[in-house]
Amino acid sequence: MRDGSEQPHHPARKRRRDPGHPAVARWLWAGAGVLVLAGGTAYFLLPLEGLSAERPWLGWPLFVLCLGLVAALLLRQVRDIVLEKPHTRSGLVISLLMCLAVLVFSSGYYALAQQPGQFTGLRTRVDALYFTVVTLATVGYGDITPSGQEARMVAVVQILYTFVFLTAAATALTRHLHTVVAQRDRRPPPTS
């Protein structure tokens, strides 16, 4: 006979950790580091030489597809921040996507540099990565210059892409970080 003091028996449930838990955050950042390292390794190992001159039917669509995918994912993260969706990892995802965008443009520049007359001073993958970052930062040292029409078009696309997508993502990320810091400042300190 039950007297109301008995606790109902529930089968053991698997506990899920809160996405904001420090251990989960460490694993996510470690995973992000591995992804950036894998992307960088792929950039230096993939056979990019034949994408421009030998197979333009493959190189250009692949380039546009990759940029479109990164842009769509960035816009999704921006939307999540603007709508203040809970448990988003926008800081992590936006950072990864920005690194990926840099690698996509670097790959495009390197593939284009294999065609004579497209670039002056761009010979290696490191040169292409350097040129991408210099263009992204709007520094323009002048040691590498796009001379061909295709190379100049890709440089213009990178500038516009940066202006529209990466700036929107960086602005949303800044907004998100301000919100997180403000929420932490309002919380009482943890008790020991």
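Is V157 buried, partly exposed or exposed? With a relative accessible area of 33%, V157 is partly exposed, where buried means under 20% relative accessible area, exposed means over 50%, and partly exposed lies in between, computed with a 1.4 Å probe on protein chains only. Before going further, keep in mind that this is a predicted model, in which local features need pLDDT of at least 70 and side-chain atom pairs count only at pLDDT 80 or more, while totals for chains, interfaces and linings use all residues. Residues are numbered from 1 along each chain as its sequence is written, and side-chain values use heavy atoms, with hydrogens and water left out.

**The whole chain**

Start with a cartoon view of the protein, which has five helices and two strands, arranged along the sequence in the pattern α-α-α-β-α-β-α. These elements are DSSP runs numbered from the N terminus, with helices (H or I) of at least four residues and strands (E) of at least two. Of the 192 residues in the protein, 33% are buried. Among contacts with a separation of 6 or more, 70% are between residues 24 or more positions apart, contact being defined as heavy atoms within 4.5 Å. If you switch to a surface view, the accessible surface comes to about 13,100 Å², and 65% of this belongs to carbon and sulfur atoms; such areas come from the Shrake-Rupley method with a 1.4 Å probe, and for residues only the protein chains shown count as cover.

Return to V157, which is placed in helix α5 (residues 149-186). Select M153, V156 and L160 along with V157, and you have a nonpolar patch on the surface with about 350 Å² of accessible area together. Patches are made of residues with over 30% relative accessible area and no salt bridge, nonpolar side chains (Val, Leu, Ile, Met, Phe, Trp, Tyr) being joined within 5 Å and like charges within 9 Å.

**The aromatic residues**

Next, select W60, F63, F105, Y109, F119, F131, Y161 and F165, which form one aromatic cluster. Rings of Phe, Tyr and Trp (its six-membered ring) pair if their centres lie within 6.5 Å, and planes under 30 degrees apart count as stacked, over 60 as edge-to-face and the rest as tilted. By this rule the count comes to 10 aromatic pairs. One of them joins Y109 and F119 edge-to-face, with 5.6 Å from centre to centre and 85 degrees between the planes. This pair links distant parts of the chain, with Y109 in helix α3 (residues 90-113) and F119 in strand β1 (residues 119-120), 10 residues apart. Y109 is buried at a relative accessible area of 0%, and F119 is also counted as buried, at 11%.

For another arrangement, select Y130 and Y141, whose ring centres are 6.2 Å apart and whose planes stand at 10 degrees, so the pair is stacked. Y130 lies in helix α4 (residues 125-136) and Y141 in the loop between α4 and β2 (145-146), so the pair ties together parts that are 11 residues apart in sequence. Y130 is partly exposed at 30% relative accessible area, whereas Y141 counts as exposed at 59%.

**Around helix α4**

Stay in helix α4 and select F131, which is buried with a relative accessible area of 7%. Leaving aside neighbours within four places in sequence, F131 is in contact with Y109, F119, L122, I144 and P146.

Then select D127, also placed in helix α4. Beyond neighbours within four places in sequence, D127 is in contact with G121, L122 and I144.

Finish this region at T138, found in the loop between α4 and β2, which has a positive phi of about 55 degrees although it is not a glycine. T138 counts as exposed, at 69% relative accessibility.

**The salt bridges**

A search of the whole structure finds two salt bridges. In one, the side chains of D80 and R79 meet at 3.0 Å, N to O; D80 is buried at 8% relative accessible area, and R79 is partly exposed at 39%. For the other, select R175 and E84, whose side chains meet at 3.8 Å, N to O. This pair links distant parts of the chain, with R175 in helix α5 and E84 in the loop between α2 (56-82) and α3, 91 residues apart.

Conventions:
A salt bridge is a side-chain nitrogen of Lys or Arg within 4 Å of a carboxyl oxygen of Asp or Glu.
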